[in-house]
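Please look at the model below before reading on.

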Amino acid sequence: MRYDRDPKYLHPFIANKLNAILPLINTGLPPGHIAKLVSIHRTPADQFQLFKQGRVFKNGSWVKSGSIVTNLDGFIKMSNHNYLPCLAIDIGIFNGNQYLGNSPHYASAQQGKQFGLSWGGDWNRFKDLPHLEMTNVNFFKHDIKKDNGKLWQRYLQMDGTYTGAMDGIFGENSLKALKKTTGESIRNIKAWDKLFEKFGVLSTEIHS
């Protein structure tokens with residue numbers, strides 16, 4: 001499975017609920033229809049490719065030229081899909097093997113709100129019906145960066161290479177532990193793969 005659809009790249013808050021989220025969404029669909037994950041993690045480069053859809057570069061900036069799919073470019077403005085692990089999912093609805101790109105049935109995705117997720121269909125400026133994401137209250141200290149850092153620190157603590165504070169501040173000691181455990185100097189897909197393969201999905205109580 002490619003990284004952009006593989007649940008192992010999901011934040012444990014979502015990953016540990018996934019087997020309940022999708023079946024509940026499916027209860028709101030007509031017979032023969034099913035919801036599947038179609039987008040999980042995206043690199044900033046992946047995000048930028050989506051950002052360019054419906055835009056042209058003119059006079060030093062990207063301007064709208066058609067139907068756009070996102071206002072987030074992945075570099076200046078990150079999507080919750082761009083974090084590793086990922087903080088959001090997009091579902092696709094299928095009628096048999098036929099993917100439904102646009103359908104009122106995507107309203108069923110709002111069932112994900114029962115699991116503490118935010119639904120893109122509730123947004124005011126840009127409605128994204130297939131989209132579910134974590135909210136600020138789900139994060140360690142209500143801080144995305146510290147939450148992300150603590151997840152990685154927890155893996156490294158489990159491996160015994162990190163003995164510092166579990167504060168989410170991924171500094172010099174955390175980076176040394178990452179290098180020792182994974183051989184990687186930055187938090188990337190290769191490093192996450194090695195940690196996930198060794199320890200699996202983390203529990204969610206560490207974020208309280």
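Lysine 36 lies over the face of phenylalanine 94, 4.8 Å from the ring centre. A charge counts as sitting over a ring if NZ of Lys or CZ of Arg is within 6 Å of the ring centre and within 35 degrees of the ring normal. This is a predicted model, in which local features need pLDDT of at least 70 and side-chain atom pairs count only at pLDDT 80 or more, while totals for chains, interfaces and linings use all residues. Residues are numbered from 1 along each chain as its sequence is written, and side-chain values use heavy atoms, with hydrogens and water left out.

Where do the two partners of this contact sit in the strands? Helices (H or I, at least four residues) and strands (E, at least two) are DSSP runs, numbered from the N terminus. Two strands pair if DSSP finds at least two bridges between them. S1 and S4 pair in the antiparallel sense over 6 bridges. Within this pairing, lysine 36 has glycine 92 in S4 as its bridge partner, and histidine 33 stands opposite asparagine 95 in S4. Phenylalanine 94, for its part, has tyrosine 99 in S5 as its bridge partner.

S4 and S5 form a hairpin with 2 residues between them, and glycine 96 in the turn has a positive phi of about 70°. S4 also pairs with S7 in the antiparallel sense, over 3 bridges; here alanine 88 stands opposite glutamate 133 in S7.

How covered are these strands? A residue is buried if its relative accessible area is under 20%, exposed if over 50%, and partly exposed in between (1.4 Å probe, protein chains only). S4 is mostly covered, with 7 of its 8 residues buried. S1 is also mostly covered, with 5 of its 7 residues buried.

A nonpolar core is a set of buried Ala, Val, Leu, Ile, Met, Phe, Trp, Tyr and Cys residues joined through side-chain atoms within 4.5 Å. This one is the largest, with 26 residues, of which Ile14, Ile89 and Ile91 touch the most other members. H2 gives the most to this core, with 4 residues. Contact means heavy atoms within 4.5 Å. Leaving aside neighbours within four places in sequence, isoleucine 89 is in contact with residues including Leu10, Ile14, Leu18, Leu37 and Leu132.

Which residues of H2 are buried? They are Leu18, Ile21, Leu22 and Ile25. They cover an arc of only 90° around the axis, which puts them on the same side of H2; the arc is that of the directions from the helix axis to the C-beta atoms. What covers these buried residues includes H1, S1, S4 and strand S7 (131–133).

Another core lies apart from the largest one and has 15 residues, among them Tyr155, Tyr162, Trp192 and Leu195. In helix H6 (residues 189–199), the buried residues are Ala191, Trp192, Leu195 and Phe196. Seen down the axis of H6, they fall within an arc of 125°, so they line one face of the helix. They pack against helix H4 (144–159) and helix H5 (172–182). On the other side of H6, Lys190, Glu197 and Lys198 are exposed.

The last topic is the aromatic rings. Rings of Phe, Tyr and Trp (its six-membered ring) pair if their centres lie within 6.5 Å; planes under 30 degrees apart count as stacked, over 60 as edge-to-face and the rest as tilted. By this rule the count comes to 8 aromatic pairs. In one of them, the rings of phenylalanine 48 and tryptophan 62 have centres 5.8 Å apart and planes at 85°, so the pair is edge-to-face. This pair links distant parts of the chain, since phenylalanine 48 is in helix H3 (residues 44–52) and tryptophan 62 is in strand S3 (residues 61–64), 14 residues apart. Phenylalanine 48 counts as partly exposed because its relative accessibility is 22%, and tryptophan 62 counts as partly exposed at 31%. Ring pairs link Phe48, Phe51, Phe57, Trp62 and Phe75 into a cluster. A charge is found here too: the charged end of arginine 55 sits over the ring of phenylalanine 51, 4.0 Å from its centre.
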